[in-house]
Amino acid sequence: MSDSDTTLAIVESRADRASVHICDHLRELETWETRQDERRPDDDGGGTYYTTDGAELRTFEQLHIELERPAAAFDCDPDLLVFASRHSGDTDALLTGHFTGNFGPAEFGGDEDTVAAACPNALAELLGAFDEFAPDAYEVGMECTHHGPTDVGCPSLFAELGSDDAQWDDPAGARAVARAILSLRGVAPHRRKQIVGFGGNHYAPRFERIVRETPWAVGHMAADWALDELGHPTAHRDVLDAAFAASDADIALLDGDWPVLEKTLTDAGHRVVSETWLREVGDRSLELVDAVESNLGAVDDGVRFGDQDTESFTVVDLPGDLVDTAEGIDSDAVRAAVEERTVAFTTDNGGSRVGSRAAVPDPAARTAIIEALAALLESTYETVTIEADAVVAEKTAFDPELARKAGVPEGPKFGELANGNPVAVDGESISPDRVCSQQTDRFLI
């Protein structure tokens, strides 16, 4: 399904005055066609409803959390449904979004151990729209999965205005939420890269970072408190599996130390990854990532990706001494030279230095890396030559043995001569040229 084919359903609740205010602004911001639906009761989405290009707005009497399969009320056969809602909490002025479901008991609507179909891409887009439209006094955030309904009928999310009476009646806040909801017209519920999140706070700062700073979207999120309510993971495999299915994902990120949960997820065939892995993988294909990790090493062990995006590669050794010497001259240039020409490469020192192996698209790439590193040596050496088996670098350098023969005592005067400055010894001036010799370094390739 392309983005342009996506149809948006919007749910208004008369029991939620923030919802009414938001939907009042929706009706003001857009030109809607007013229609009548006599097939359904007025308090269940029937009666007067509104349509515009790419969206349909219907009103319900009940609170959103009490609704069952509201998507069935819409004529547009929605691909995405948004609940325009209030947010309650000790969070001051806040615009927030989240998915619905219960990892455990159903205290506020829906069924226990059940999650609704999520729309990770739409939540990521909603967050960006909140950033754009939020009044100055408002923070923007996203929440973990909590409360009902659990049977919506299509992928859905809550778009909320919070967090108390002042904001629920604030025209600027309501208008911002309305504008953000309208921006979801034409937005697909899912994207190619999305995960499920476990652990962390209710307001999910770690998962919000993933959404904001990487190509990955995040589906259902079970915060620490939800996992506590869930109980032992092995006894609740069904709801864990359902969170992946409802998020259209098979990869998980854990916030915190959850060894039993991690084992349960991996035993069930789900992949648990680190935040570093998500950031480094980015928008690369998982087929490429799997091939690199199988043949070169794990991202969590220091493998990093280069600029060559091809699944056909060969793993080669890099000339370690040459890399190390070039790193000492310009480590940023070494990194750039290797990144530009490789599919991936190993690193040392916590990822700060290029390592000894790389995945290259063809043998010419390794040759090009050697040539680039040899060029860096030219700032330190007088001549640099690439031979069949080595890079040969030559320079005229301070020779400690010649200095000793000239009677120069070891110590500060050695340093002066090495820096190109003459020194006096017993009244005699010793020039740097007198204590220099030709130095030849061979870097095997």
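**View 1. The largest nonpolar core of the predicted model.** Of the 70 residues in this core, those that touch the most other members are Ile22, Leu26, Leu157, Ile181, Trp277 and Val292. Here a nonpolar core is a set of buried Ala, Val, Leu, Ile, Met, Phe, Trp, Tyr and Cys residues joined through side-chain atoms within 4.5 Å, where buried means under 20% relative accessible area, exposed over 50% and partly exposed in between, with a 1.4 Å probe and protein chains only. Helix α2 (residues 120-133) provides the largest share of this core, 8 residues. Because domain 1 (8-280) and domain 2 (285-380) both give residues to this core, it lies between them. The model is predicted, with local features needing pLDDT of at least 70 and side-chain atom pairs counting only at pLDDT 80 or more, whereas totals for chains, interfaces and linings use all residues. Residues are numbered from 1 along each chain as its sequence is written, and side-chain values use heavy atoms, with hydrogens and water left out.

View 2. Not counting residues up to four places away in sequence, leucine 157 touches Leu81, Val82, Phe83, His98, Phe99, Cys119, Ala122, Leu123 and Leu126, a contact being heavy atoms within 4.5 Å. Another core, of 22 residues, lies apart from the largest one, and includes Val316, Val354, Ala365 and Ala393.

**View 3. Domain layout of the protein chain.** The assignment gives domain 1 (8-280), domain 2 (285-380) and domain 3 (394-444), with bounds that come from an automatic or database domain assignment. Taken over C-alpha atoms, the centres of domain 2 and domain 3 are separated by 37 Å.

View 4. The 4 strands follow the order β12-β11-β13-β14 with parallel pairing; two strands pair if DSSP finds at least two bridges between them, and the elements are DSSP runs numbered from the N terminus, helices being H or I with at least four residues and strands being E with at least two. β12 (217-222) and β14 (271-273) stand at the edges, each with a single partner strand, so one side of each is left without a neighbour in the sheet. Neighbouring strands are turned by 35° against each other on average, direction ignored, with axes fitted as lines to C-alpha atoms, for helices over the stretch in contact, and angles running from 0 to 180 degrees between N-to-C directions. Strand β11 (residues 194-199) is joined to β12 by 4 bridges, and glutamine 194 has alanine 217 in β12 as its bridge partner. Helix α2 packs on the sheet by touching β11 and β12, and its direction makes about 100° with that of β12. Helix α8 (residues 259-267) also packs on the sheet, touching β11, β13 (251-255) and β14, and its direction makes about 180° with that of β13.

View 5. Strand β20 (residues 390-398) is joined to β23 by 9 bridges, and the bridge partner of lysine 395 in β23 is glutamine 439.

View 6. Strand β3 (residues 47-52) is mostly covered, with 5 of its 6 residues buried. β3 and β4 form a hairpin with 2 residues between them, where glycine 54 in the turn has a positive phi of about 85°.
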